[in-house]
Each structure stands twice: as C-alpha cells, then as structure tokens.
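Let's walk through this structure together, from its sheet to its cores and on to one helix towards the end of the chain. Keep the sequence and the 3D view open as you read.

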Amino acid sequence: MLDDRTTAATTWPAAYPQGYAVVDVETTGLARDDRIISAAVYRLDARGNVEDHWYTLVNPERDPGPVWIHGLTSDVLEGAPLFGDIAEEFSERLDGRVLVAHNAIFDWSMISREYARASATAPTRQRLCTIALSKELRLPLPNHKLESLAAHFGVVQQRAHHALDDARVLAEAFRPSLHTAARDGVRLPLLECRPLTEWSDSPATPRIGYQASYGQSAYGHSSWRPSRKRPACPYPNPGRYEVGGALVQGMRVAFSGDTSVDRELLEDRAIEAGLHVATSVSRLTSLLVTNDPGAATSKTVKAKAYGTPVIDEAAFTQLLRDVAPAPASE
C-alpha cells in the first residue's frame, strides 16, 4: 500500500479536504421511507490516517427488513437508541469533514432523511463516493462492489454488511486511493451535500410481514417533500451523450429498472443539473440510465433500436458532478 513516504516527494494538494468521515449505514431497505438500523463512522485526518471510530445500533421503530443480509433482528434492535437520540453524537463525527462512502449518494440520502425526521440537519457539506474515485483513478476493478475495492488494496473483510466492519474496510481502502490521487494530481470527485428541509409522513399502515424485495417498504408511504410538478427544462436538447464525454445541460435522460438510490432523488439531481428527465425513450433521447441493460424493457429495447447510449447508475452519478453548461444561443 501507499503511505506518507509515497507522497512525501510531492506537495500535498492544497485543495484537498482537511478531514474525512468514512461512513457506512445498514438499513431496513433501499426505499425513501426505509430507516437506518446501524451506523459507523471512521474519522480520518487530511491524509487518510485513522483518528478514531464509532458505531451504534439504531431502533428503526419498524420491521428491520432483510435480516438475512444485515443480521439485525427486532429483538437486537428493540433496546437500541432512536436516531434522534444519537443525532448529536453522529453530528460530532461528521462536523467539518467530507463524508466518504461507497455509493455515497445512498448513504447520504438515508442519513439526510433521518436528520429531517428528527427536525435537524447533518453538519456535512460535501461527500465523496469511492466508486467515483476508483473510476477517476482508473483502478482495474472487475466491478464496483466494496469487496472488489478491498481486494485490490489487500484489505480483508471480516463481516460484510456489518456497518463497523464495512466502514473499517472502506477507510483502509480509501487511504491508498487518496494517496494515489494526491501523487497523480487527481481532482477529488467531491459533491455538495444538500440537506433536506422538510419531512411529511402519511399515516403508516403496517403490512403483515416484510416484502421479499429488498427496497420495498413494509410500512406506509412516507415522503421527504410534497409531490410537485417538475419545471420544464429551460435548455434546448444538444443531442446525444457521447460515451466518455460530459453531460450537457438540456440533454434528455431516461431511467429504466431498479436503482440503488431512490428514483425520484436521482431525477431531482438530474433536473437540478439542468437535464431534461424523460418518461420514455425516443429518437430524441440523449441517454438511458439502467443497471440492467440486458433487460427486455420497452425503454432498453427502444434504446437499442435507436442507438441511444446506455450507462449504469454509478457512471451517471459520477457524470452529474460536472455537467457542462448549455451552449450559448446565437
């Protein structure tokens, strides 16, 4: 692995953050109304050295979800603190640091929603996704799973899907990634963390048992914002996305299939970046985002017929951090 001596001969990039909070959360599922059931934070200094770590269980006040994945049963979580009880200590761990996570948009989405429920705001303003960083570094990984990143750097996983061990593994893999980036002058893929400012719950109606699909809620629907009609995209369509290039404001983006991050959050981020979210695929569609390009959905079939470029969610999330402005009108 790389250490401080590896980058001693070069000046550490002045623009790099002064500290990091490597975070992992386990949840009752992947949907917008799912809850955090455990959280871990490894605090690192500016060069990725571990300062301390912290772990807690969280009582989700509902069915724990896929116990076969995270191993946390209702009995184990019954006496755990509520998120509101640990929010202050969690904030101390995040304060003044860049939140680092594997597929960070998911962890940030879950964390920000928990803070919104507790009528509080997380004190972190930037996040860094280690999937995006591994792409920036062009690491030769077979896929974007944490276990592949860990194996690349020789980090041994002991308890997969246990928040504390996953955070440890990620912290150990992040440090050499950070030093490689510093050595090669790579700009870190930092994204803004926008806190949620409102939360509304519709009456929860418990259903019998947990839905088999990880990501479906076993309880009533909740929403972090009231439904609203999205504004029209103010930019003209510049055409199709060119693989390897940048997204451009005005591009028409369609989504197909399941996403690890709530679909509406992805669509909102796309709209905020100046993209047009399309509900279907046509000859005018610039790009299709799907994690299962081989699925015979109407959108993937049309994309193939029209020659529409297709990328996965992780790649799309990375591209969203640097969307090119719309060409100036003549």
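What follows moves from the overall picture to single elements.

This is a predicted model, in which local features need pLDDT of at least 70 and side-chain atom pairs count only at pLDDT 80 or more, while totals for chains, interfaces and linings use all residues. Residues are numbered from 1 along each chain as its sequence is written, and side-chain values use heavy atoms, with hydrogens and water left out.

The protein has ten helices and twelve strands; these are DSSP runs numbered from the N terminus, with helices being H or I of at least four residues and strands E of at least two. Of its 330 residues, 52% are buried, where buried means under 20% relative accessible area, exposed over 50%, and partly exposed in between, with a 1.4 Å probe and protein chains only. Among contacts with a separation of 6 or more, 68% come from residues 24 or more positions apart; a contact means heavy atoms within 4.5 Å.

Two strands pair if DSSP finds at least two bridges between them.

β1 (residues 19-27) and β4 (residues 98-101) are parallel partners over three bridges, and Ala-21 stands opposite Leu-99 in β4. β4 is also joined to β5 by three bridges, again in parallel. Val-100 has Leu-128 of β5 as its bridge partner, and Ala-101 has Cys-129 in β5. To get from β4 to β5 the chain passes through α4, making a right-handed β-α-β crossover; that is, with the strands pointing away from the viewer, the path from the first strand over the helix to the second runs clockwise. β5 and β6, by contrast, run antiparallel, joined by three bridges, with Arg-127 opposite Leu-191 in β6.

In soluble globular proteins, nonpolar side chains tend to be buried together. Here the largest nonpolar core has 48 residues, of which Val-23, Phe-90, Ile-111, Leu-247, Leu-275 and Phe-316 touch the most other members. Such a core is a set of buried Ala, Val, Leu, Ile, Met, Phe, Trp, Tyr and Cys residues joined through side-chain atoms within 4.5 Å. Helix α4 gives the most to this core, with seven residues. Leaving aside neighbours within four places in sequence, Ile-111 is in contact with Val-23, Val-25, Ile-36, Phe-90 and Leu-99. Apart from this core lies another, of 31 residues, including Tyr-16, Ala-150, Ala-163 and Val-169.

Arg-113 also has its place in α4. Is Arg-113 buried or exposed? It counts as buried because its relative accessibility is 2%. Arg-113 and Asp-33 are 80 residues apart in sequence, yet 8.6 Å apart in space, C-alpha to C-alpha.

Finally, look at helix α9 (residues 298-306), whose buried residues are Lys-299, Thr-300 and Ala-303. They cover an arc of only 95 degrees around the axis, so they lie on the same side of α9; the arc is that of the directions from the helix axis to the C-beta atoms. Their cover includes β9 (252-256), β11 (287-290) and β12 (310-311). The face turned away from the buried side of α9 carries the exposed residues Ser-298, Lys-304 and Ala-305. Just after α9, Gly-307 takes a positive phi of about 75 degrees.
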